Amino acid sequence: DIIPQPLLDQYLSMTDPARAQTVDTEIAKHCAYSLPGVALTLGRQNWHCLKDTYETLASDVQWKVRRTLAFSIHELAVILGDQLTAADLVPIFNGFLKDLDEVRIGVLKHLYDFLKLLHADKRREYLYQLQEFVVTDNSRNWRFRYELAEQLILILELYNPNDVYDYLRHIALTLCSDKVSEVRWISFKLVVAILQKFYANNASALGLNFINELVVRFRHCSKWVGRQAFAFICQVGMFSLCISMCTLN
């Protein structure tokens, strides 16, 4: 009753390979782009009408189709709710994580938005996979690593201090030594955010260990760029402290 059946059938037929030959070569991409809107209109109770079509699009040979879905999977998760997301979207999300960089960037740009919708136990499984984002098909694609650092600053709130220390800290240190200055600069902000996470959650021992590691790795680095990194981390830390004090006052 929500959408006339002939109209819905016409939409679902957009994944038919024959339509790409006779109607539009990018018809599958148009179908993928519209899917969140169709899902919102139908409601989560009618997701079964779209599930097969979504899975077909997610395995389309054209990376542009998969990329379109990757950029909107977090929006679809909000529409479907946690149970359907865990059952039907998480497997597809996991596939996108191993896809081409052109597809992976879609899930990376909204990584925080998707992970926060998952239950804590399911979310924790991704701690092991976040490290994979550091490696890209093209090492010159520095914006990919920049986006990772930005997302990690947001993601810190989703995990406890021990998980941050065991998993995210290593990624932050790697990014702080990136060859591109823009990536290093956003990574310094990530390092300070990690320290703030530790001390805000009474994990001062972890914070002290991390500071000692920064001193050994950067303050006493034989290369000037490492020592410069330590100075910038201190600069970002002092700036954040000043902002916090002004806010309190």
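Is Arg104 buried or exposed? Hello everyone, let's start there. Arg104 is buried, because its relative accessible area is 6%; buried means under 20% relative accessible area, exposed means over 50%, and partly exposed is in between, with a 1.4 Å probe and protein chains only.

Before going on, a word about what you are looking at. This is a predicted model, in which local features need pLDDT of at least 70, side-chain atom pairs count only at pLDDT 80 or more, and totals for chains, interfaces and linings use all residues. Residues are numbered from 1 along each chain as its sequence is written, and side-chain values use heavy atoms, with hydrogens and water left out.

Now, confidence. The pLDDT is the predictor's confidence in each residue, from 0 to 100. The chain averages 90, and 94% of the residues score at least 70. Confidence is highest in helix α7 (residues 111-115), at a mean of 96, and lowest in helix α2 (residues 17-22), at 70. Residues 245-249 have a pLDDT below 50, and this stretch has zero contacts in the model beyond near neighbours in sequence; contact means heavy atoms within 4.5 Å. Where pLDDT is low, the predicted coordinates should not be read in detail.

Back to Arg104, which sits in helix α6. Helices here are DSSP runs (H or I, at least four residues), as strands are (E, at least two), numbered from the N terminus. The Arg104 side chain makes a polar contact of 2.9 Å with the side chain of Asp101, and also reaches the backbone oxygen of Glu132 at 2.9 Å. A polar contact is a pair of N or O atoms within 3.5 Å; within protein, one must be able to donate a hydrogen and the other to accept it, and residues adjacent in sequence count only if both atoms are side-chain atoms. Leaving out residues up to four places away in sequence, Arg104 touches several residues, including Phe96, Phe133 and Phe144.

Val103 belongs to helix α6 too, which covers residues 101-109. Val103 counts as buried, with 0% relative accessibility. Beyond four places in sequence, its contacts are Trp63, Arg66, Arg67, Ala70 and Phe96.

Next, charged pairs. Side chains of opposite charge can pair when their charged atoms come close. A salt bridge is a side-chain nitrogen of Lys or Arg within 4 Å of a carboxyl oxygen of Asp or Glu, and the count here is nine. One of them joins Arg66 and Asp99 at 2.7 Å, N to O. Arg66 lies in helix α5 (residues 63-97) and Asp99 in the loop between α5 and α6, so this pair ties together parts 33 residues apart in sequence. Both Arg66 and Asp99 are buried.

Another salt bridge pairs Asp163 with Arg124, with the closest N and O atoms 2.8 Å apart. Asp163 is in helix α10 (residues 161-176) and Arg124 in helix α8 (residues 120-124), so parts 39 residues apart in sequence are tied together. Asp163 is buried at 4% relative accessible area, whereas Arg124 is partly exposed at 36%.

Last stop: helix α12, residues 204-219, where Leu206, Gly207, Phe210, Leu214 and Phe218 are buried. Why do they line one face of the helix? Seen down the axis of α12, the buried residues fall within an arc of 95 degrees, so they line one face; the arc is that of the directions from the helix axis to the C-beta atoms. On the other side of α12, Ala205 and Val216 are exposed.
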